Amino acid sequence: MSHLPVVVIGAGVMGRGIAYVFSVNGFPTTVVDVHEDALKNAEKEIKQIYHKGFERGIISEIEFQRKDTYLHFSKDFLESCEFAQLVIEAVPENLQLKKSVFEKLDDVTQASCVLATNTSTMSPTEIGAFTKKPEKVIAMHFFNPVHKMKLIEIVRGLETSDETVQFVKSIAEKIGKETVIINEFPGFVTSRMSALIGNEAFYMLQEGLGTPEEIDRAIKLGLNFPMGPFELGDLVGLDTRLNNLNYLHKTLGEKYRPAPLLIQYVKAGRLGRKTGRGVYDYTKKTDK
Ligand SMILES: NC(=O)c1ccc[n+]([C@@H]2O[C@H](COP(=O)([O-])OP(=O)(O)OC[C@H]3O[C@@H](n4cnc5c(N)ncnc54)[C@H](O)[C@@H]3O)[C@@H](O)[C@H]2O)c1
């Protein structure tokens with residue numbers, strides 16, 4: 001069954017996963033990015049998820065074929081967004097960048113189109129105020145890897161309408177996700193908690209408390225977390241983790257000051273899995 005058209009802005013870690021879950025569930029999905037390379041890599045990676053899903057029997061043959069009919073890639077905002085009923089923004093966690101994207105989306109989408117941000121920490125009220133339809137703006141916070149993680153944290157801004165909340169909730173159900181609906185506060189529930197744990201792990205590493213492997217093992221085996229904080233940080237992207245902490249530090253205070261060692265890793269370009277090296281080295285290891 002074909003659903004309403006969806007556009008995903010940003011073909012990075014999250015945009016790819018979001019585009020997969022929509023297209024495989026029968027939503028015609030266009031991924032938009034400013035970088036041609038990002039679009040090419042996204043197409044390759046999304047198709048790999050399709051292939052693995054089909055090989056493992058997770059998706060049916062009909063769902064597997066959807067990669068050819070429901071998935072599109074473009075650099076053109078206007079053409080892609082003209083008929084969309086839902087746009088999900090997944091560009092880096094930088095307010096100025098999000099502002100420029102939402103101002104553009106306000107111009108190129110129909111009045112009825114809902115604009116969702118996949119921000120990990122920022123205010124949907126503030127992002128909504130960049131548009132002339134704040135009642136249609138909401139945060140849909142997906143988790144990484146999107147095709148495996150069940151939750152979407154739905155965050156309503158001050159002006160977000162009940163209709164918009166119900167709309168995204170029903171869409172989330174159609175793509176097989178569970179939801180929590182919360183009011184905005186920096187970092188929501190999940191990013192605020194995760195940023196603190198991840199940051200604390202960097203402070204421990206900096207203090208020489210243990211190796212990354214030992215710290216991760218302690219948290220997994222002792223606290224029953226499925227992933228260690230460094231494994232998770234490398235998956236999320238250390239630049240994304242740092243952006244989140246910077247925002248939380250600015251909005252919520254000292255408790256969230258980023259660990260100097262985390263800042264150093266980001267300066268060195270050790271961003272995690274996406275660059276081949278973060279806390280761990282993925283160019284040599286295959287088991288992380
Ligand atoms: N990485 C995670 O685990 C995770 C989890 C939940 C939420 N988020 C949030 O999702 C958002 C995206 O994070 P990510 O990790 O996918 O980032 P990323 O750096 O992997 O990808 C961002 C993409 O946006 C593109 N982009 C930059 N400017 C653009 C523009 N003006 N128009 C269109 N595309 C543009 C980039 O080329 C890049 O491909 C952030 O707000 C982040 O906080 C990330």
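A polar side-chain atom of D33 lies 2.7 Å from an oxygen atom of the ligand, where a polar contact is a pair of N or O atoms within 3.5 Å and, within protein, one atom must be able to donate a hydrogen and the other to accept it, residues adjacent in sequence counting only if both atoms are side-chain atoms. The model is predicted, and local features need pLDDT of at least 70, side-chain atom pairs count only at pLDDT 80 or more, and totals for chains, interfaces and linings use all residues. Residues are numbered from 1 along each chain as its sequence is written, and side-chain values use heavy atoms, with hydrogens and water left out.

E93 also places a polar side-chain atom 2.5 Å from a ligand oxygen atom, while a polar backbone atom of M14 is 2.8 Å from an oxygen atom of the ligand. Of the accessible area of 840 Å² that the ligand has on its own, the protein covers 89% (Shrake-Rupley method, 1.4 Å probe; for residues, only the protein chains shown count as cover). Helices (H or I, at least four residues) and strands (E, at least two) are DSSP runs, numbered from the N terminus.

Eight strands form an open sheet of mixed pairing in the order β3-β2-β1-β4-β5-β6-β7-β8, two strands being paired if DSSP finds at least two bridges between them. The edge strands, β3 (71-74) and β8 (178-183), each pair on one side only. Strands β1 (residues 6-9) and β2 (residues 29-32) run parallel and are joined by four bridges, with I9 opposite V32.

Helix α5 (residues 95-108) lies across β1, β4 (86-89), β5 (114-117) and β6 (137-141), at about 170° to β5. Axes are lines fitted to C-alpha atoms, for helices over the stretch in contact, and angles run from 0 to 180 degrees between N-to-C directions; contact means heavy atoms within 4.5 Å.

Two backbone features occur in loops. N144 and P145 are joined by a cis peptide bond with omega of about -5°, and P145 lies between β6 and β7. F188, although not a glycine, has a positive phi of about 50°.
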